[in-house]
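Please look over the sequence and the model shown below before reading on. The paragraphs that follow lead from local features to the chain as a whole and then to the interface.

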Amino acid sequence: MLQIDCPWCGRRDEDEFNCGGQSHIQRPGLDCSDAEWGDYLFARINPKGVSLERWRHTHGCRQWFNLARDTVSHRILAVYGMTDPVPALPEARS
Amino acid sequence: MSMNKDRLPGARVDTSSPVSFFFDGKPYRGYAGDTLASALLANGVRVLGRGFKLHRPRGLMAAGKEEPNALVQLEEGAFTEPNVRATLQPLYQGLRARGQNAWPSVGFDLFGILGLFKPLFPASFYYKTMMWPSWHWYEWAVRRLAGLGKAPRERDPQHYHRQNLHCDLLIVGAGPAGLAATLQAAPSGKRIVLIDEQEEPGGSLLAERESIDGKPAIEWVSATLATLASHANVQILRRTTVTGYYDHDVLAAVERVTTHMGPSAPAHLPRERWWRIRARQVVLATGAMERPLVFPCNDRPGVMLASAVRHYLNRYGVAAGRRTAVFTCNDSAYLTAIDLAERGFSVAAVVDTREGGAGELGDRVRALGIPVHAGHRVLGTRGRKGLRSVRIAPHAGGSESSIACDVLAVSGGWSPVVHLFSQSGGSLRFDETLQAFVPGMSVQQVRAAGAAAGLLDLRGALNGGAEAAVSALHAMGIDAASALAQPAVSVPAAKALEPFWFTPGVPPEYQWLDFQYDVTVADIALAARENFVSVEHVKRYTTNGMSVDQGKTSNVNALAVLADRTSRAIPEVGTTRFRPPYHPVTLGTIAGRGIGDRYAPRLESPIHERHLELGAEMDDYGGWQRPACYLKPGEDEHQATRREMHAVRNGLALFDGSPLGKIEVRGPDAAEFLERVYINSIRNLAPGRARYGLMLNELGIVIDDGVLVRLADDHFLVHTTSGGAGRIFLMLEEWLQCEWTTLRVRCTNVTTQWATVTLSGRGARDLLAPMIQGIDFSRDAFPHMHFRTGSFGGAPVRVLRASFTGEGSYEISVPANRGLALWDAVYAAGEARGIAAFGLEALLMLRVEKGYLHVGADTDGTTNPLDLGWGPVIAKKQSDFIGRRSLSQPEAVREGRFRFCGIEPLDPSKALPIGAHVLDSLPDGRRRSGGYVTSSCFSPTLGCWIGLGIVRDGPDRDGETVTVAGNGIEMQARLRGTVYLDPEGERLHA
């Protein structure tokens, strides 16, 4: 049960949120190859260590934001906006 | 017969409060303070269970939750609970328990004959012998012969609570380490919670004859509890087991609120309470568990853990037998011999696997006149339903001798209880001195203390507890505290444990590791021979550690055997993963009060009460309570639905469409946004006009459909399927917030703000015109798929001409609080003309007559818009939309896809079963599914059964006769177009 710092509402329990999976995926245009489109749909990294993912505070402000999480310790390393660049991160413990 | 005339002095049971109870139907007597196990032991009941596979008699082995054998079925009927550890169950007046997996009783079990066939049942015998012709031939019998308790069949009359708890410091375990930690932390003023699973705090001190500051340890426990009681910031939860350690220092615990009272507990109390605890810092003082030794026939009733023998003697005043022998590979078991002998009980011998024997305690044992056989092993045990003697011999060989005894107290060393630490993500380290896994690095705010950290003696527990508290306080920024000086204790000088994992040189078949699932050394050896290497695979292959105790007594021994047989060191083999729950949790506790009506919120339309007055049969549709049909006196649901369908096609009909999803999309870029969401064109839709559209996900699969209305240039109303509004609204927001972040658009889900009443039939417009101001209802001024706004009694009203029945309809929406007034006004005005309300069942059949798609019923997780015949519409659109690129992937355009079409039975009086498969014949004569029937109903208008389906290339096979199979029948049907009624749409425009 993670505790997540929603940028708008503050610290809340994980069960108020939904995880939308890996963030920073570029959506290809219509002229992309079948393989590129397939990668966009299905290929995801499964990191041991820092995972950049997007979350929604579903039972709160309903806003999406980005989050950097250490998949080993489940420590949340950073919370940042959907259009923000990836911030400098503390070392993951993995 | 009872072997204890009464209890020993000093026992923590109240001999002035006798308690009568029943085991396997026979009456017995114990005392308040007993567990079921201690009372049965005092009554001389030796066989408490039967082995899982072989039904060998099994007796009490432990005194705590690690007990593998004494699992009983508590009580009967709706209250009953299977697999209750007799060692944890407090005795209450009139308690009734039964042994499990035996017939007629555990004492005399006819299935015990299976024990003679032990060689036939090695690990994996199911997989190897019961394959032909099919496992299902054997399952019936195996399920009866093998197993543990029986789940209750009746509804649970008890209730359960869930509760949240936040604290600064959580301390798990109220033994010496946990109490010392709490004592240390209490003055900090932080919110401290101490959780203990026993009936009373004290942990091992309740069971050992140790002294603290020269006084019996139990006095220190009482004094400590008194001190803690004066600290308002300290809360103690008793009878509570922490079962799981989750992310970010959340722990789950089960409090057994009335387990000590039984079925007569006051009704207002929950049976159990499920705690969800969020702690800033955690100290695990969970102690250690003693391991059994592994030797031939070590499962005989009377073979007990040495610590358990002391526990029953010192805490409950019960001697486990008349004459006890001790078998050990470490010093701690010598205490059992000393405690028994000093209480005047006969101790036959101490058999020590170490050539050098024990330290200080060894001297005390010899001084008591007890023979010590160092460098010896046990080669076997005798006794039919209980131990009579053991056979021992020196390791080096030489003469065997026999020791008469009815209890063999064994100790294979101690394993710290690292379960919660491991669940928290912390690593484990193999300690060579203890020959056990101990906590290593932690990744959360947790530290282990005392025996849980591998410090097995009392001094280590007290000091370790205090130091852990200091460390936890330090982590919270409280630095002033240094560890309190701990009271004086004496710790005898001990010799090191020497591992003795199993008994070599004698057959391994009868050397038990896992008593609950009947796994022996031979089974692990078999797995190793068959080249199983991973400890996780060996666990599953042999089932070692997979029963309800999750290997509490067997895991370390089993992996030591695996290490030996695969010539590896134990740390190299590693341990299986510790997963929650640490101790089984009943489902009722997890569900808490969220059952029945409290399982989920019920959505009701503003017109709900009127539906009930009209005789509506309510049902759940996508979370909404909606009328399935309206029953008139004497009607059943089929008759009512057919009457309603007839009314819609031939007269005035009224429907509550309030749950219809409504999302307002507004902003300068609203048209651009919806152009990217819908597969059809939106930009060219004029204000005041409506259009039916489909939405896809990125995989190109149809996820929703509905009518889109343009209210103004920058303002749209998106209608979604009922029950789909929340999901679609979140999807639109996700695209706006995450992908198209520069679009200036706002979405608002207004579904419940508007009540919607749908009126159709001849005269509808004449009825509405005087009631609604500001709208010209004439046929030419307000055609199909147009939208108008006006007012109803001063309230805003929105009217859409759209239809899901095929009849010309008006969908009239007013603010939710005016919904009932609108319904009543329309109903009253229409009564003279025979207006009829119709429900969901009629609606869903009327739309089948029209071939209207029902997303989720006529589509599945593979259906794309090309399968629905939308190819030409998409081809006309130039720009991208969600899922478009997926529609040109090879999978989307291949031949042989399941596509939407009509399907009608050749015999029109026969119903096509929904879900029945349309069969393809293959060249080799076999048949396979070529799609299925998705909708089927009787059309009263057409007088026949009709259907829709998704069928392999269905639209290209118009008129083809196919075989349909489902519900055990086969029938012939014909593929056709989807529209059965009014293909020109004349009714819509009427």
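A charge is said to sit over a ring if NZ of Lys or CZ of Arg is within 6 Å of the ring centre and within 35 degrees of the ring normal. By this rule, the charged end of B:Arg801 sits over the ring of B:Tyr810, at 5.0 Å from the ring centre. Likewise, the charged end of B:Arg96 sits over the ring of B:Phe22, at 4.1 Å from its centre.

Some conventions apply throughout. This is a predicted model, in which local features need pLDDT of at least 70 and side-chain atom pairs count only at pLDDT 80 or more, while totals for chains, interfaces and linings use all residues. Residues are numbered from 1 along each chain as its sequence is written, chains are lettered from A and ligands numbered from 1 in the order in which they are written, and side-chain values use heavy atoms, with hydrogens and water left out.

The overall form of chain B comes next. Its C-alpha atoms fill a box of roughly 115 × 75 × 55 Å, taken along the principal axes. The secondary structure of chain B comes to 25 helices and 50 strands, where helices (H or I, at least four residues) and strands (E, at least two) are DSSP runs numbered from the N terminus. Of the 990 residues of chain B, 58% count as buried; buried means under 20% relative accessible area, exposed over 50%, and partly exposed in between, with a 1.4 Å probe and protein chains only. Contact means heavy atoms within 4.5 Å. Among contacts in chain B between residues at least 6 apart in sequence, 65% join residues at least 24 apart.

Where does helix α18 of chain B, residues 670-677, stand in relation to the rest of the structure? Six of its eight residues are buried, so the helix is largely enclosed by the rest of the structure. The buried residues are B:Ala670, B:Ala671, B:Phe673, B:Leu674, B:Glu675 and B:Val677. They pack against β35 (661-666), β36 (690-696), β37 (702-712), β38 (715-720), α19 and β39 (746-749) of chain B.

B:Thr328 belongs to strand β18 (residues 323-328) of chain B, and its relative accessible area is 0%. Leaving aside neighbours within four places in sequence, B:Thr328 is in contact with several residues, among them B:Leu293, B:Tyr334, B:Val350, B:Asp352 and B:Ser411.

A pair of aromatic rings is described by the distance of the centres and the angle of the planes. Rings of Phe, Tyr and Trp (its six-membered ring) pair if their centres lie within 6.5 Å; planes under 30 degrees apart count as stacked, over 60 as edge-to-face and the rest as tilted. By this rule there are 19 aromatic pairs over all chains. In one tilted pair, B:Phe777 and B:Phe782 are 5.9 Å apart centre to centre, with 45 degrees between the planes. Both B:Phe777 and B:Phe782 are buried. Elsewhere, B:Phe295, B:Phe327 and B:Phe500 form one aromatic cluster.

The backbone also deserves attention. Most residues other than glycine have a negative phi, and most peptide bonds are trans. The peptide bond from B:Pro580 to B:Pro581, however, is cis, with omega near -5 degrees. B:Pro581 lies in the loop between α14 (570-573) and α15 (587-591) of chain B. Phi of B:Met785 is near 60 degrees, a positive value; this residue is found in the loop between α20 (764-768) and β41 (787-792) of chain B and counts as buried at 18% relative accessibility.

Finally, the two chains meet. In this interface, 32 residues of chain B are in contact with 28 residues of chain A. The buried area, which is the accessible area (1.4 Å probe) that two parts lose on being put together, summed over both, is about 2700 Å² between chain B and chain A, and carbon and sulfur atoms give 49% of it. In chain B, B:His248, B:Gln737 and B:Arg885 lose the most area to chain A, together 24% of what that side buries.

How many salt bridges are there between chain B and chain A? The count is seven, a salt bridge being a side-chain nitrogen of Lys or Arg within 4 Å of a carboxyl oxygen of Asp or Glu. In one of them, A:Arg54 pairs with B:Glu734, the closest N and O atoms being 2.6 Å apart. On the side of chain B that touches chain A, β15 (272-284) and α19 (725-739) each supply at least two residues, and α19(B) gives the most, with eight residues.
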